[in-house]
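The sequence and structure are shown first.

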Amino acid sequence: MALRVVGLLIRQEVSSLASKAPSRMFSSSPRAMSSVLANSPNADFNKKLMDRYSRLKLNPNVIQATYVWIDGTGENVRSKTRTLLKKPESPAEVPKWSYDGSSTYQALGGNSDTTLVPRAIYRDPTKFGENDIIVMCDTYKPDGDPCDTNHRCAMQHTMDKIKDQEPWFGIEQEYTFLDFDNRPLGWPAHGFPGPQGPYYCGVGADRVIARDIVEAHAVACIYAGIDFAGTNAEVMPAQWEYQVGPSLGMKCADDLWVSRYLLWRVAEDYGVVVTFDPKPMDGPWNGAGAHTNFSTRAMREDGGLKEIEKAIERLSKKQDHHIRCYDPHGGKDNERRLIGRLETSSIKKFSWGVADRGVSVRIPRGVADAGKGYLEDRRPSSNCDPYAVCNAILDTCCV
């Protein structure tokens, strides 16, 4: 929404909200709206001042290339920009670069030059030049080995082995908007909104928050060249989802990382915080995942349901391994989310079913009816590394 909202109700009123109209769940008073992001320095800037620079006529042969990479946390990205004097036609034409790995948790200060290797190019919707680009990179230590959080290298190695199987991925990325005090955006400062129910795929100022950012992000992703499939409001207020793919091989994972970068950048302009934490609020609130849809050519062909069931059988035998791969802290983040309730399976055991959102792996109803299609692995956390997730699935199901 163009105007950000915050609830007026205090904790004592929460119990009465369930029986009242959803229109009372959030406030629309100017005073409340202006105070939501009072502590966000980005929200204080006058964005209109940028217009004078955006109208400048730029030399199309001078390219701004923003290099994006995963830092040592395994769940956040860093970026920096350099000027190129020729538009690259492929990642191989983009020069390698380096950065201070000691400032990104990836190297020691005495030997900190860490190498960026360009892997994918996207149009940049955040810059003014018509040929400006985003360059998705993977990272290498001073000795030439991949950085510990460079899971792209391993996924590419696996893909090279099984590319004849034509694996497709589609990822459903959930996330939550926060104010600058790390409270879900629009939630009362000293209480809670009404219980979950009216917010999922909701419409209206009393049901959804920050649609402006969501739609700006969607357009930015489509402009960039990401295979952007759609978006919807999620079950918890201030929580949203978008979908990337289906895409062949590496592209879905590359697209997801760049789409996250763009979401952070768009929200930065609005002065809003984005979190991919899989359980941002304790209690009876849905967590956030990155449900990963997967298929091979054999699964998509007639009779493919048998191949899907074979893949599920293989996945069932490696539950512990996949849980370790499905969040950046070896399963610790998913311990807070995969509790066997609130549309999740139990982290302790593997389960599967048709049209069941409380299982580890789901076969959608349409797939079961058609007898072919794909499976949905519902275990990956919202802050997962898609390279690690996709590689684990490929290794288990295809290699």
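Angles between elements run from 0 to 180 degrees between N-to-C directions, with axes fitted to C-alpha atoms, for helices over the stretch in contact. The model described here is predicted.

**Sheet and crossing helix**

Helix H7, residues 251–270, lies across strands E1 (63–70), E2, E4 and E5 (133–140). Relative to E5, helix H7 runs at about 115°.

The sheet itself is open and is formed by 5 strands in the order E2-E1-E5-E4-E3, with mixed pairing. At its edges are strand E2 (77–84) and strand E3 (97–100), each of which pairs on one side only. On average, neighbouring strands of this sheet are turned by 40° against each other, direction ignored.

Strand E3 is joined to strand E4 (residues 113–123) by 4 bridges, and the two run antiparallel. Within E4, Asp-113 stands opposite Asp-100.

Gln-173 belongs to strand E6, which spans residues 168–178. Is Gln-173 buried or exposed? Its relative accessibility is 0%, so Gln-173 counts as buried, the cut-off for buried being under 20%.

The side chain of Gln-173 reaches the partners below.

| Side chain | Partner | Distance |
|---|---|---|
| Gln-173 | Arg-260, side chain | 2.9 Å |

Leaving aside neighbours within four places in sequence, Gln-173 is in contact with Trp-240, Glu-241, Tyr-242, Leu-256, Arg-260, Phe-276, Gly-289 and Ser-382. Both table partners, Arg-260 and Ser-382, are on that list.

Definitions and conventions. Residues numbered from 1 in each chain as written. Predicted model: local features only at pLDDT ≥ 70, side-chain atom pairs only at ≥ 80, totals over all residues. Heavy atoms only, no water. Buried < 20%, exposed > 50% of the residue type's maximum accessible area, 1.4 Å probe, protein only. Polar contact = N/O pair within 3.5 Å; in protein donor to acceptor, adjacent residues only side chain to side chain. Contact = heavy atoms within 4.5 Å. Pairing = 2+ DSSP bridges.
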